[in-house]
Amino acid sequence: MADDSPKGVLGHLPPLPRRALSNSFLAMEQASRKREGLPLLSDADIEALKAGRPMDWESGDAVSVPAATGSQATPAPTDPPAAQEAPKPVPVTSAPSSPISDEVAKWVAAGKKWSKSSIAAEQAHRSRKGLPALNDAEITALLGEPAAPAAPPAGPPAPQAAPRPAAVTATAASVPRTAAATVTASADATVARSGEPTKYVGTPAVGTSKAVASAGVAAVGPENNEVNQQRRRLVWSTVAAFLTAWFIAFFRFFLPRTLFEPATSFKIGYPEEYGLGVDTKWQQKYRIWVDRTPDRLFVIYARCTHLGCTPDWKSADNKFKCPCHGSGYDSEGVNFEGPAPRPMDRAHVERSPDGQILVDVSRLYQWPKGQPSQFNDDGAFLPL
Ligand code: FES
């Protein structure tokens, strides 16, 4: 019979006459129909296609509504209320009286409760093998969920009777294929219980979330409740804090590592503030001693000339003593014992405009061993 059905029914199947189709071809056709929202091929359709026979509805015989035209199947808006017409006596198809196959019933009887991922894997397995997919009732039974309301008992034709069970069959006249094309696929109907189905291209890997979604099983993952939202916020806050700390550390890498040393030039007050002898009040801050004699004031830089230690002023002994190797200096910083090779250096001093003593430790005066002394140069002392 010529195919005057819409593309949504025939899908990508070759027109009549056709040769026997392989399992892989049929699996691809089922996947394509699932993606495009077309009704899935029923078991009878698949058997006919594998045998190279026209499908029941193609040959004009009684038709079995594909699984996609399950309980949510509704006539298209353009569909005339065929049920209100005088129904023709049509043969009932060979659709199973129970929506649950014997194999699935055996699994359910075994008492093992299936998970959604297990069902997804089973669906993918069936798709690969060209076997009919699990229908809603089978999935519900395997998940251990309460069974759907029972179908009304068979009786006199009651076309206006509302819900139609998934396994109920219809004739080609009462359910035109155009109406069937608008029916949501069985898998999509299953997904609709928990949200919009996810569309994927190709066959997803078994056991993955894509496989679960494409198989029509409810979406996996935690619920979007308040607790999970708080958890997500905590996780993202932790990630943001880590990345921020990492970025700061990375940015700090490009900054120079600078040591801020004290200024080398500074004021230390007026000469009248210092008495005769050694004053150690600037030792900690500027590493200097202020030494005043009856006729001059000079500043000794507190660094041992042996290896650079800072000597101590021993007022009781009236000398400087280096704690490192025992060098001794008199009250004017001239070495007289120990390994020190020469007197301690003296810093440049001068009068600032305001009359204070201005010291510059970057300019030192020395008395190298065996060479002339610089201690009497201008700037090495302040005359009083
Ligand atoms: Fe002062 Fe050696 S560093 S004596």
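**View 1: Trp282 is buried, with a relative accessible area of 18%.** On this scale, buried means under 20% relative accessible area, exposed over 50% and partly exposed in between (1.4 Å probe, protein chains only). Everything here comes from a predicted model, in which local features need pLDDT of at least 70 and side-chain atom pairs count only at pLDDT 80 or more, while totals for chains, interfaces and linings use all residues. Residues are numbered from 1 along each chain as its sequence is written, and side-chain values use heavy atoms, with hydrogens and water left out. Zooming out for a moment, 35% of the chain's 384 residues count as buried.

**View 2: Phe266 stacks on Tyr286.** The structure holds 10 aromatic pairs, and here's one of them: Phe266 and Tyr286 are stacked, 3.5 Å centre to centre, with 5 degrees between the planes. (Rings of Phe, Tyr and Trp, its six-membered ring, pair if their centres lie within 6.5 Å; under 30 degrees between planes is stacked, over 60 edge-to-face, the rest tilted.) Phe266 sits in strand S1 (residues 265–267) and Tyr286 in helix H12 (residues 283–286), so the pair ties together parts that are 20 residues apart in sequence. Helices (H or I, at least four residues) and strands (E, at least two) are DSSP runs, numbered from the N terminus. Phe266 and Tyr286 are both buried, with Tyr286 at 17% relative accessibility. Tyr286 also pairs with Trp282: the ring centres are 5.5 Å apart and the planes at 35 degrees, so this pair is tilted.

**View 3: four rings make one aromatic cluster.** Look for Trp246, Phe250, Phe253 and Phe254.

**View 4: Arg346 shows up over two Phe rings.** Over the face of Phe298, Arg346 lies at 3.9 Å from the ring centre. The charged end of Arg346 also sits over the ring of Phe375, 4.0 Å from its centre. (To count, NZ of Lys or CZ of Arg must be within 6 Å of the ring centre and within 35 degrees of the ring normal.)

**View 5: helix H6 crosses helix H7.** Two packed helices are described by the angle between their axes and the distance between the axes. For H6 (residues 116–129) and H7 (residues 136–143), the axes come within 10 Å and cross at roughly 140 degrees. (Axes are lines fitted to C-alpha atoms, for helices over the stretch in contact, with angles running from 0 to 180 degrees between N-to-C directions.) The crossing is right-handed. On the H6 side, Lys116, Ile119 and Gln123 meet Ile139, Leu142 and Leu143 of H7. By class, this contact has four nonpolar, one polar and one charged residues.

**View 6: Ala124 sits in helix H6.** Ala124 is buried, at 11% relative accessible area. Ala27 is 97 residues away from Ala124 in sequence, yet their C-alpha atoms are 9.6 Å apart in space.

**View 7: Arg287 and Asn318 have positive phi values.** Most residues other than glycine have a negative phi. For Arg287, phi is near 60 degrees; for Asn318, phi is about 55 degrees. Arg287 belongs to the loop between H12 and strand S3 (288–292), while Asn318 is in the loop between strand S5 (312–314) and strand S6 (319–321). Arg287 is partly exposed, at 25% relative accessibility. Asn318 is partly exposed too, with a relative accessible area of 45%.

**View 8: Lys369 touches Pro341 and Arg342, leaving aside residues up to four places away in sequence.** Contact means heavy atoms within 4.5 Å. Lys369 is found in the loop between strand S10 (357–365) and strand S11 (382–383). At 70% relative accessibility, Lys369 counts as exposed.

Conventions: A crossing is left-handed if the near helix is turned anticlockwise from the far one by less than a right angle, and right-handed if clockwise. Ala, Val, Leu, Ile, Met, Phe, Trp, Tyr, Cys and Pro count as nonpolar, Asp, Glu, Lys and Arg as charged, and the others, Gly among them, as polar.
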